[in-house]
Amino acid sequence: MSSRRQYQREFVRTFFTSPTAVEGDDSAKMLRSASQLRGMQAPDAWIPDNEDATAPSMREEGVENIVEVVSEHGEEFPGEIHPRIVWHRDDPSTRYEGFQQMLRIADPEAGAVEHVDGFVIPEVGDIDDWKKADEFFTIIESEHGLEEGSLSMSVIVESGAAELALGDLREEMGNPSNNLERLFMLVDGEVDYTKDMRAMTPTGELPAWPELRHNTSRGASAAGLIAVDGPYDDIRNVEGYHARMEENRAKGMIGIWSLTPGQVVEANEGPLPPETERWLLDVGGSEVELDDVEGGQAYDGTELGLEELDEGMYRLEDGGEIHELDEEQLRERLVEMVSYVPSMDDIVDSMAEFEAAKEAGRGAIAMTQSATLVVDGIEVEISTDRMWDEATYQAAGTPIALFRDVHEHRPDQHDELKERYGPEVVERALDLDV
Amino acid sequence: MSSRRQYQREFVRTFFTSPTAVEGDDSAKMLRSASQLRGMQAPDAWIPDNEDATAPSMREEGVENIVEVVSEHGEEFPGEIHPRIVWHRDDPSTRYEGFQQMLRIADPEAGAVEHVDGFVIPEVGDIDDWKKADEFFTIIESEHGLEEGSLSMSVIVESGAAELALGDLREEMGNPSNNLERLFMLVDGEVDYTKDMRAMTPTGELPAWPELRHNTSRGASAAGLIAVDGPYDDIRNVEGYHARMEENRAKGMIGIWSLTPGQVVEANEGPLPPETERWLLDVGGSEVELDDVEGGQAYDGTELGLEELDEGMYRLEDGGEIHELDEEQLRERLVEMVSYVPSMDDIVDSMAEFEAAKEAGRGAIAMTQSATLVVDGIEVEISTDRMWDEATYQAAGTPIALFRDVHEHRPDQHDELKERYGPEVVERALDLDV
Amino acid sequence: MSSRRQYQREFVRTFFTSPTAVEGDDSAKMLRSASQLRGMQAPDAWIPDNEDATAPSMREEGVENIVEVVSEHGEEFPGEIHPRIVWHRDDPSTRYEGFQQMLRIADPEAGAVEHVDGFVIPEVGDIDDWKKADEFFTIIESEHGLEEGSLSMSVIVESGAAELALGDLREEMGNPSNNLERLFMLVDGEVDYTKDMRAMTPTGELPAWPELRHNTSRGASAAGLIAVDGPYDDIRNVEGYHARMEENRAKGMIGIWSLTPGQVVEANEGPLPPETERWLLDVGGSEVELDDVEGGQAYDGTELGLEELDEGMYRLEDGGEIHELDEEQLRERLVEMVSYVPSMDDIVDSMAEFEAAKEAGRGAIAMTQSATLVVDGIEVEISTDRMWDEATYQAAGTPIALFRDVHEHRPDQHDELKERYGPEVVERALDLDV
């Protein structure tokens, strides 16, 4: 098995759950409204959630609601649809219940299954438990005359046993006695994982679990799957959600659970390259974004101070330390402190430039970025450069590959992408070789 | 195999080692005094240590001392008793010596084995090495007419090979050709691990090894075992010991090695919920505990400054940055900076409240905590709330489960628990459904 | 298999790559100049790089250049020689090309192979892919009449699949159907790994990948191999390179890729114990090195302030907090803030002292370090002590073992070692028992 992906989507930015049945006049209300989401508000993967988001007593009705709403609105829904059913590694009756829920939802006569891309299995255990679920998928496909392997399977990793199974996937997926090639998303579930690991924090906040996220991302990478982080439940904390996503992306975990349409928008936009470039300054151990003002990139904090002395000397105060520097030393020092966040436009430029250089027989070129820094009114010209070789080019290709995956599979977001980047940048990104 | 635990204790907070034989008139002196510990000074697991804590030349006598002291005092000892014998993955003669030590200690005629819960095997290697030790346990049980599997086996993870074996446990423990179900504690040994990994730090301090601790905790979780961290040898640094334990608990590693009765007290109390609640304020990147004063929760540091301006406006200075805020903005900003550490009493309240809500058919409720913050003499009313659902409830149950495990198995600590929490809180904690 | 190493070198500090063929009059120019490096400028492992460092169109010529330059200069080259050839887990034609490159380089008639210690295989995948490479080595040895297993194999870990394979090595290396005992270095390749994991950072900087480095180091430890970190491409940032190496050493990863002879010097010297001792002071969360002045160890920053009050009291200001302390309290507080970085001389002293104590029958002794701290002109005598037992001694032995490995295998560095430490310290280090 090479690690080619089995599914259309190469990236899933957003995993949005909706309760399948709620108390009230129209128990399918939440499902119905989610099914109407479009554009940046609509997730890449929509999860009608017949497990934790729905009260146990409502889950029977939840199955009916899924069938009804997905039959009616599934065709127009712009993302993939992956209902979550019940499952538990330690409880056979829950597993059998999950099987029955899938069997009903997947019945072609009910009309929903042609819009269902797969199912999400929570609370899995070791790899043999994953196989039990896979076997039910195979039976359901056989019973309903669906093509074997046509329903994808995604799992919630929320136990130590499941985390260990992430290391077995690649090997097991080639095994002729299962259909684990149907695997699609590996989704962390930190709340239940925390319980399973018996972890405790003073405030009751969830631990950050960096190793779990690494192992999920690595498991996805090794088996050609997609890694998705669990729910971020501090819903009003948009900054915190962004910080978590940035951390995740540095681990190769590009998708994240979204609990509200607002979070969907943030998480759909989060991994897309920024529309404008930014300069950061590393002051006193934390990175400050510079202001793009008339004369250049201005720092307006108080931790860094700059003053011109006589005869071309400068006095730089940085976190209590004082340095006397000539112009060249000052420039060097500031270059060390500064870093550059490229925009989509820049990334496309750099990649096109490298492609042209490669065609002309050059294997490595320097990419230069220049700016005027303004500190306490004093302007300093700086420029940084970075060597690009084939490997840099390939690694820089990830955000472009993401962008193109989104562009291909989410036509409902074309207007928003054009508005964000301008039509010309969109066109050039689609024209790259990568 | 479901991941149900094989042993009575679900938690081990403290792993306390004593030399089995020391130079002097009474070579069993240290063993004898440890065997008299009671209450918070007595560990959950006591380890008469016939390996590193005892000079090689004294280990013969150490075996005799274990037999003598455990026969005499084992019955009254309130914790479990797990002698450590010698072992090495790379040395068959050391392994055979370890076998002989266990064989002698476990001889029923000597009278100690009825009080011995198991043995601790240091310096294990890969899983096949663990099986060699397990086989010796089985032979010893057979030779001495003990029930097969009745002696538990705990290991010290102090090599890369043993760390890798943590991933195989769950699978191997179901294997009919071994009795690895006897496994009980997985204990990190960072000093020898550092040597085995050939790691170096400038000062000679031990590296923090976060991945090792994660993998040990995960291995324990997957196989229904108990994870224990290694020795913290900066004995006078109580604050550091607490910080390490807090970090460990966020990894699900609740137990820790204790080198002195003083460390035993700290480590027995550490994982128990606090007796009083606290408010923390995140100022300049670090968390400061607020003082519980007459008017509310007071901040008395200098990094945060608050001043009332005209017309309901406030001037907040936070780490060099200045903000002008109206009352509502000020409140919001402070709410973001504050966090709440619940007391045992609060946890019990919240859980009881959730249990009642669940009974009344509600799946999620908001838990609110309010306080008056006092900064530079200005009082601001704040309140934070957190949604509780079944998963939150289950995760919050870990400290309660720990408390109940302690209460059930350590009657010698009842008085100290009652004094700490008051008899009424203890009663209510025991009455929860969880 | 015990975890004894198969090769002469127990440590590899430096992994230095050279392009095998560059455009111009003498395409072997870079190889030729690298082959002349001696002393601290010469790496422990030199990698004529016929993969990424060399343009695809130049690689045929690269093979000829390797043969020519290594034949001529290999005998005198003071480090090991491990050419890197092409390979890819997903591409059989690249693998076959790699085989042919090795076959040509290893031809005894060409005269290079007697100086070639092994080959470096990039872009490996799971363990079965490693076995494919190993099989080619075996065929090449057989075809060329070389001893089976005489060519070592090193791999670049630059995919999630390869990272997972690190957990299988120990077990697979005992397998009679392969010759994986030929494995030598495990080298991280973070650029391609980042691409394989599809990770993204705002600035395009590489993520730090702490878990990958841990897993590589652990894999090396478990299988008796050598762990090497990937390229640090910010070549002018010497401080950053040192910080990365220090972090790596705390993980047991002692080697690092070097891209220039300048980096080779830094990375050859980095893991050697310092020639002089230093005192560090932990002020405001970061460690500051004290100045070794006439009166003692002086702090000259502004974050810590000390003033003498009346009647033996002192006023200590530390990061905004003010403490009034008597002399004893002041001393205690400073002892907590201070740490000591021993020199080679100190380490040798401490080890010799422990060896003598052990011979005299003592299992643990206290090592004391004293200094006069000078803060704002006020002198405070402090001393710290640390208990040494057998385990401490063994762990402290790693830098000494490294030093001795270097001394044994790199006679070209003897002069530089003597100049660094003085001949007497070198002698004593070689005389230790460890």
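Colleague: Hi! Let's start with chains A and B. How many residues of each are in contact?

Modeller: Hello! This is a predicted model, and in it 26 residues of chain A touch 38 residues of chain B.

Colleague: And how much area do they bury between them?

Modeller: About 2,600 Å², with 54% of it on carbon and sulfur atoms. On the chain A side, Leu164(A), Arg198(A) and Met200(A) supply 31% of the area buried against chain B, more than any other three residues.

Colleague: Nice. How many salt bridges are there between chain A and chain B?

Modeller: The count is four. One of the salt bridges joins the side chains of Lys251(B) and Glu211(A), at 3.4 Å from N to O. There are also nine residue pairs in polar contact between chain A and chain B, both residues at pLDDT 80 or more.

Colleague: Which helix gives the most to the side of chain A that touches chain B?

Modeller: That's H7(A), with five residues. Helix H5 (160-165), helix H7 (190-196) and helix H8 (210-223) of chain A each supply at least two residues of that side. By class, the side of chain A facing chain B has eleven nonpolar, six polar and nine charged residues.

Colleague: Switching to chain C and chain A, how many residues does each bring to the contact?

Modeller: Chain C brings 26 residues and chain A brings 38. Chain C and chain A bury about 2,600 Å² between them, 55% of it on carbon and sulfur atoms.

Colleague: Which side chain does Asp126(C) meet in a salt bridge?

Modeller: Asp126(C) pairs with Arg170(A), at 2.8 Å from N to O. Across the interface of chain C and chain A there are four salt bridges.

Colleague: OK, new topic: Asp44(B). Where is its place in chain B?

Modeller: Asp44(B) is in the loop between helix H1 (29-35) and strand E2 (45-49) of chain B.

Colleague: Why does Asp44(B) count as buried?

Modeller: Because its relative accessible area is 1%, and buried means under 20%.

Colleague: What does its side chain make a polar contact with?

Modeller: The side chain of Arg13(B), at 2.8 Å. Not counting residues up to four places away in sequence, Asp44(B) touches several residues, among them Phe11(B), Gly79(B), Asn268(B) and Arg410(B).

Colleague: Last one: what does the UniProt annotation on chain A cover?

Modeller: The unreviewed UniProt entry annotates residues 115-253 of chain A as "domain: HpcH/HpaI aldolase/citrate lyase". In the model that span is 43% helix and 14% strand, and its end C-alpha atoms lie 26 Å apart.

Methods
Residues are numbered from 1 along each chain as its sequence is written. Chains are lettered from A and ligands numbered from 1 in the order in which they are written. This is a predicted model: local features need pLDDT of at least 70, side-chain atom pairs count only at pLDDT 80 or more; totals for chains, interfaces and linings use all residues. Side-chain values use heavy atoms; hydrogens and water are left out. Contact means heavy atoms within 4.5 Å. Buried area is the accessible area (1.4 Å probe) that two parts lose on being put together, summed over both. Helices (H or I, at least four residues) and strands (E, at least two) are DSSP runs, numbered from the N terminus. Buried means under 20% relative accessible area, exposed over 50%, partly exposed in between (1.4 Å probe, protein chains only). A polar contact is a pair of N or O atoms within 3.5 Å; within protein, one must be able to donate a hydrogen and the other to accept it, and residues adjacent in sequence count only if both atoms are side-chain atoms. UniProt positions are given in the numbering used here, feature names are shortened, and annotations may be inferred rather than shown by experiment. Ala, Val, Leu, Ile, Met, Phe, Trp, Tyr, Cys and Pro count as nonpolar, Asp, Glu, Lys and Arg as charged, and the others, Gly among them, as polar.
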